[in-house]
Amino acid sequence: MMELKRSSSGQSKFRSINSIILKFPRFKEGLKEIKGVSEQFDEDSNGTIDRDELKKCVKKLQFHVKEEEIDDLFDSCDVDEKEGIQFNEFIVLLCLLYLVMDSSSSSDNTSKIGSPELEATFNTIVEAFLFLDKGGDGKLHKKDVIKVLNDECPSEKSPSHVTRTRFKEMDWDRSGNVSFRQFLFAFLDWVGIDTDDENHTTKR
């Protein structure tokens, strides 16, 4: 899996965990658009996106990535291994595809995909990750995350058991390090995904 590296600017726009939480309503609006995209390309209406449906979606959204990259990320994000991407997996997959494409494209101010709204949502999620990634190595480390959540803004300090729980929700394999993909799945749980079908919720 890819690691997210800190951008050349070197800084996240967020200054506290509360500044991220205040963005949750905007995140939800962006996720609603992604939900519409997933429903549009779920041609058999079974609540999941298969490989062929995903490739049509990627082409429509103007993601300029290689087919093998799509296949690799499909396998990585299909965490229940049912050969179908559910809604939360679909969000993570699109965001990772965006980063793969972004890392291989030139740096300019133009929109890199066919939806500026989706691009803005993905960029803001990346900013949230970079706020926690104080080491800048594309991984979240337990001691650093706890320090950030508690020390960046003392007036917003969380109880120690809350910060430990938050990290545990990200650190599936209990390695003490969290990848961007792991962060994304946990972040979506924190924001809350509003769907009409409970089957979209994936147990990891």
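The model is predicted. The protein has 9 helices and 2 strands, and buried residues account for 44% of its 204 residues.

**Overall make-up**

- Read from the N terminus, the order of elements is α-α-α-α-α-α-β-α-α-β-α.
- Of the contacts between residues at least 6 apart in sequence, 66% join residues at least 24 apart.

**Helix α4**

- Helix α4 spans residues 67–77, and its buried residues include Ile-70, Leu-73 and Phe-74.
- Ser-76 and Cys-77 of α4 are buried as well.
- In general, an α-helix has 3.6 residues a turn, so residues three or four places apart point the same way.

**Helix α6**

- Helix α6 runs over residues 116–132, which is 17 residues.
- From first C-alpha to last, α6 reaches 25 Å, close to the 24 Å expected at 1.5 Å a residue.
- Helix α6 is largely enclosed by the rest of the structure, because 12 of its 17 residues are buried.
- Among the buried residues of α6 are the phenylalanines Phe-122, Phe-129 and Phe-131.
- Leu-118, Leu-130 and Leu-132 are also buried in α6, as are Ile-125, Val-126 and Ala-128.

**Helix α9 and Phe-180**

- Helix α9 covers residues 180–191, and Phe-180 lies in it.
- Phe-180 has 2% relative accessibility and therefore counts as buried, the cut-off being under 20%.
- Phe-180 and Asp-133 are 47 residues apart in sequence, while their C-alpha atoms are 9.8 Å apart in space.

**Packing of α2 with α9**

- Two packed helices are described by the angle between their axes and the distance between the axes.
- The axes of α2 (residues 24–41) and α9 come within 10 Å and cross at roughly 110 degrees.
- Helices α2 and α9 are therefore roughly perpendicular to each other, since angles of 65 to 115 degrees count as such.
- On the α2 side, the contact is made by Phe-24, Phe-27, Lys-28 and Leu-31.
- On the α9 side, Phe-187, Leu-188, Trp-190 and Val-191 make the contact.
- Sorted by class, the contact of α2 with α9 comprises 7 nonpolar residues, no polar residues and 1 charged residue.

Conventions: Residues numbered from 1 in each chain as written. Predicted model: local features only at pLDDT ≥ 70, side-chain atom pairs only at ≥ 80, totals over all residues. Heavy atoms only, no water. Buried < 20%, exposed > 50% of the residue type's maximum accessible area, 1.4 Å probe, protein only. Helix = DSSP H or I, 4+ residues; strand = E, 2+ residues; numbered from the N terminus. Axes fitted to C-alpha atoms, helices over the stretch in contact; angles between N-to-C directions. Parallel < 35°, antiparallel > 145°, perpendicular 65-115°, else oblique. Contact = heavy atoms within 4.5 Å. Nonpolar A, V, L, I, M, F, W, Y, C, P; charged D, E, K, R; others polar. Expected span 1.5 Å × (residues − 1).
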